[in-house]
Amino acid sequence: MKKVLEVCLSPDLGGLELYMKNITKYLNSPAVINKKSKLKDILKNEKIDYFELSRYSFLKLARIIDKEKIDIVHLHWTKDIPVVVFAKLLSKRKPKIVQTRHMHMTRFKSDFYHKFLYKNIDMMIAVTNLVKEQLEKFIPKDIRPQIETSYIGANTPKILSYEEKNNLKKSLNITDEFIVCIVGRIEEAKGQHIVLQAVEKLRKNSIKIKTLVVGHYMDENYFNNLKNSYPSDIFTGFVSNPTDFMQISDCLVLATKKETFGLVLIEAMKCGVCVLGSNSGGPLEIIDDEKTGLLFESMNSDSLCEKLSFIIEDEKLKESLAVNAKIKADEVFDSQKQFEKIKNLLKN
C-alpha cells in the first residue's frame with residue numbers, strides 16, 4: 001500500500017488546518033506541521049504522529065520523505081507548494097505530489113516559476129467544481145496536473161437532548177427569541193455585520209430575534225465595534241463545540257463575501273438546522289435555493305433580512321428546508337464518504 005505524508009506548514013487553526021488533521025487521522029498517515037502550528041496540541045491529544053518543520057525547511061522534508069519511505073506527499077496550504085516541490089526533487093524517492101486546493105485561483109499561472117512548480121505536481125483535488133473550473137482556466141494545459149473534485153465533508157454531530165439545549169439556552173439568557181447563528185472567525189470579510197444589521201432591522205419591526213455570533217476575533221477593532229453597536233445580541237467567543245450552538249438556533253447564516261466552500265453550512269445541515277448562504281462561491285454548490293436552504297445577495301443585509309422574514313413567518317418552510325438539507329448533507333457531504341474518495345484518489 002502506498003504511504004502518504006500529509007503536509008501543512010500554516011501556523012493558523014482554521015478549516016483548512018483541521019481538514020488536514022482529519023484526513024491524516026482517517027488515512028493513519030504521518031503529518032508535517034509548522035513548528036509554530038496551533039495544530040500541535042490537537043495532534044498530541046488525538047495521538048497522531050507528526051514532524052515539526054520551519055516554513056522553508058525543504059531539505060529536512062526531503063530527509064523525512066526518504067526515511068519514512070513516502071510515496072505520496074499530500075499538501076493543503078498553497079504556500080507550501082515550493083517547499084514540497086524542492087523536497088521532492090532533493091529526495092531519493094521522488095514521491096508523487098497531490099494538492100487539495102482549498103482556495104480560489106484568480107490569475108494565470110503561466111510564468112516560468114509557476115510552470116516549474118505545477119509541472120512537478122501530479123494531481124490537484126479541488127474542493128468545489130468552481131475551483132476545478134478555475135484550475136483548468138488558469139493553469140496552462142501543457143503543465144496542468146490531473147484535476148479532480150472532492151467536497152469537504154462533515155462528521156455527524158452529537159445531537160443534544162431537549163434538556164441539554166434548554167441548559168445551553170439558559171446559560172446565554174435565550175428565552176423565546178428567534179435565533180440567527182453565524183459561526184466563524186470574526187472579521188469583516190466573514191460578514192458578521194451583515195447578519196447583525198439584518199437582525200436589527202427585524203428587531204425594529206417588533207420581532208423577538210437575536211444574533212448568536214460564535215467565534216474568536218481576528219480584527220479586534222471590528223469585533224469591539226460590533227459588540228458596542230449591537231448590545232442586544234450574543235457574542236460567545238471561541239467555542240470547541242460550535243454544533244451545540246447551531247442546535248439551539250433557528251437558522252445558520254454564512255455571510256462571507258467570497259467563500260470557497262462553507263463547511264459550517266454542512267455542519268448545520270447535519271444538525272437539522274435551516275441554512276442561508278450568500279449567492280457566490282461554495283454556497284451555490286451546497287444550497288439548492290428554496291429546497292435545501294435560502295440564498296441571499298452577497299454582502300446585502302436587506303436581501304438577508306427579506307430571506308429571514310420568509311422563515312420567521314413560515315415555520316413549515318423553515319422545517320422543510322432543514323429536513324431536505326439534512327438529507328442532502330448525509331448523502332453528498334458526509335466526511336467518511338468524502339475521505340474514502342480522497343483515499344481512492346491518492347492510493348490508486
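Biologist: Why is Asp122 called partly exposed?

Modeller: Its relative accessible area is 31%. Buried means under 20%, exposed over 50%, and partly exposed lies in between, using a 1.4 Å probe and protein chains only. So Asp122 counts as partly exposed. This is a predicted model, where local features need pLDDT of at least 70, side-chain atom pairs count only at pLDDT 80 or more, and totals for chains, interfaces and linings use all residues. Residues are numbered from 1 along each chain as its sequence is written, and side-chain values use heavy atoms, without hydrogens and water.

Biologist: What makes Asp122 and Lys88 a salt bridge?

Modeller: A salt bridge needs a side-chain nitrogen of Lys or Arg within 4 Å of a carboxyl oxygen of Asp or Glu. Here the N to O distance is 3.8 Å, so the pair qualifies. Asp122 sits in the loop between helix H5 (112–119) and strand E6 (123–126), and Lys88 in helix H4 (residues 81–90), so the bridge ties together parts 34 residues apart in sequence. Helices (H or I, at least four residues) and strands (E, at least two) are DSSP runs, numbered from the N terminus.

Biologist: Is Lys88 buried or exposed?

Modeller: Buried, because its relative accessibility is 12%.

Biologist: How many salt bridges does the rule give?

Modeller: The count is 20. One of them joins Asp250 and Lys318 at 2.8 Å, N to O. Asp250 is in the loop between helix H10 (242–247) and strand E11 (251–254), while Lys318 is in helix H14, 68 residues apart. Both residues are buried.

Biologist: How do you know that the span of H14 agrees with its number of residues?

Modeller: The expected span is 1.5 Å times one less than the number of residues. For the 18 residues of H14 (residues 315–332) that gives 26 Å, and the end C-alpha atoms are 26 Å apart, so the two agree.

Biologist: Which residues of H14 are buried?

Modeller: Lys318, Leu321, Ala322, Ala325, Lys328 and Ala329. The face turned away carries the exposed residues Lys316 and Glu331.

Biologist: Which salt-bridge partner does Lys328 have?

Modeller: Asp288, at 3.1 Å, N to O. Lys328 lies in helix H14 and Asp288 in the loop between H12 and E13, so the bridge ties together parts 40 residues apart in sequence. Lys328 is buried at 14% relative accessible area, whereas Asp288 is partly exposed at 31%.
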